[in-house]
Structures are given as structure tokens and as C-alpha cells.
Amino acid sequence: MYHKIEDFVKDWTNESESTLKVFNNLTDESLTKKVNENVRTAGRLAWHITTSIGEMVHRTGLTFKTVDENSTVPATAKEIIDAYKEAANNLLSEVKGKWNDEILSVEDDMYGEKWTKGKTLGVLITHQIHHRAQLTVVMRLNELTVPGIYGPSKEEWVSYGMPAQE
């Protein structure tokens, strides 16, 4: 939960950069490759992360340009990256331009519950982290390079001249 816009802005900036770091390692071919019938494709996961920005935050009364949650997963990683960048930047502009610290304690109806705007921003970030983690597993299964986010990835350990961590 956030009590200060400044704290959200700092976290959102870091987390959206991390999301883009992961998205930049997707290939067009990986977007539709099914690794298991019970696991979303990389494209579906990346698109869900992207569409969730507007879907969740529009419930708080903010309006900004984003993509519809029911839209089709794009065919290219570039389209997903571009849509994510636009939604993430538009969200940040709206929050910084229209909200202040006091409004973060105002409640909205969120999925049948009452959440403060500060909680919604926190859930948005943890939701993104959750699905980004799922995406990195799918990327591994698709034999894509996974970047380190909160620490080095397997490939990064090797580039540091150290044995890959298991």
C-alpha cells in the first residue's frame, strides 16, 4: 500500500524498467509457443501484464490511453513492448498529474471489495511482479535468455566469471 505518490513513482519506474528488460528478451516465435496445456504462452502473459495496467487503474477513476483487456495478443514482441511502454508511461503521468498523497487513502470498489487507491497501486505492482516471474519460467522453457531482475540470472553469473547458480 502506498501513502506517498513519490514512493509509488520510484517503485513503478523500477518495476516497469524490469518488465521491459524481460519483454526485450521475448521473440516473436516465443509468443505463441505452448509449453504445457495448463500454462499461458509467453505472449498471453506479457499481454496480460500490459492490459492489466489500464484494467485495474481505470477502476480508480483515472483515464489514460492503454489497450483493452480483451484485445488479441499481438503477433510481435515489439507491439507488446510498445503498448506496455505507452500504458506504463501514461499511468505514471496520470498519477503524478492528478493525484496527491491524500487521495491515496480514498477507497474505490475493486472487484467487489473496497481498496484504497494506495492499495490498488501496490496490488498493481505486485500483480506485475507475479506474472513477470511466471513469464521468466515460460521463457526458460522456451530456451530464451532470462535477465536478472533482483539478482543475476544464470547467464549473468557466467558473464561474471562465476559458475552458474542452480
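Let me start with Lys117 and Asp108, whose side chains meet in a salt bridge at 2.9 Å, N to O; a salt bridge here is a side-chain nitrogen of Lys or Arg within 4 Å of a carboxyl oxygen of Asp or Glu. This is a predicted model, where local features need pLDDT of at least 70 and side-chain atom pairs count only at pLDDT 80 or more, while totals for chains, interfaces and linings use all residues. Residues are numbered from 1 along each chain as its sequence is written, and side-chain values use heavy atoms, with hydrogens and water left out.

Is that pair buried or exposed? Lys117 is buried at 5% relative accessibility, and Asp108 is buried at 10%. Buried means under 20% relative accessible area, exposed over 50%, and partly exposed in between, with a 1.4 Å probe and protein chains only.

The whole structure has seven salt bridges. Another of them joins Lys78 to Asp82, with the closest N and O atoms 2.6 Å apart. These two sit four residues apart in helix α3, residues 77-98, so about one helical turn separates them. Helices are DSSP runs of H or I, at least four residues, numbered from the N terminus. Lys78 is exposed at 56%, and Asp82 is partly exposed at 35%.

Arg59 and Glu55 also form a salt bridge, 2.8 Å from N to O. Arg59 is partly exposed at 38%, whereas Glu55 is buried at 17%.

Last, His48, which lies in helix α2, residues 42-57. Apart from neighbours within four places in sequence, His48 contacts Arg40, His127 and His131, contact meaning heavy atoms within 4.5 Å.
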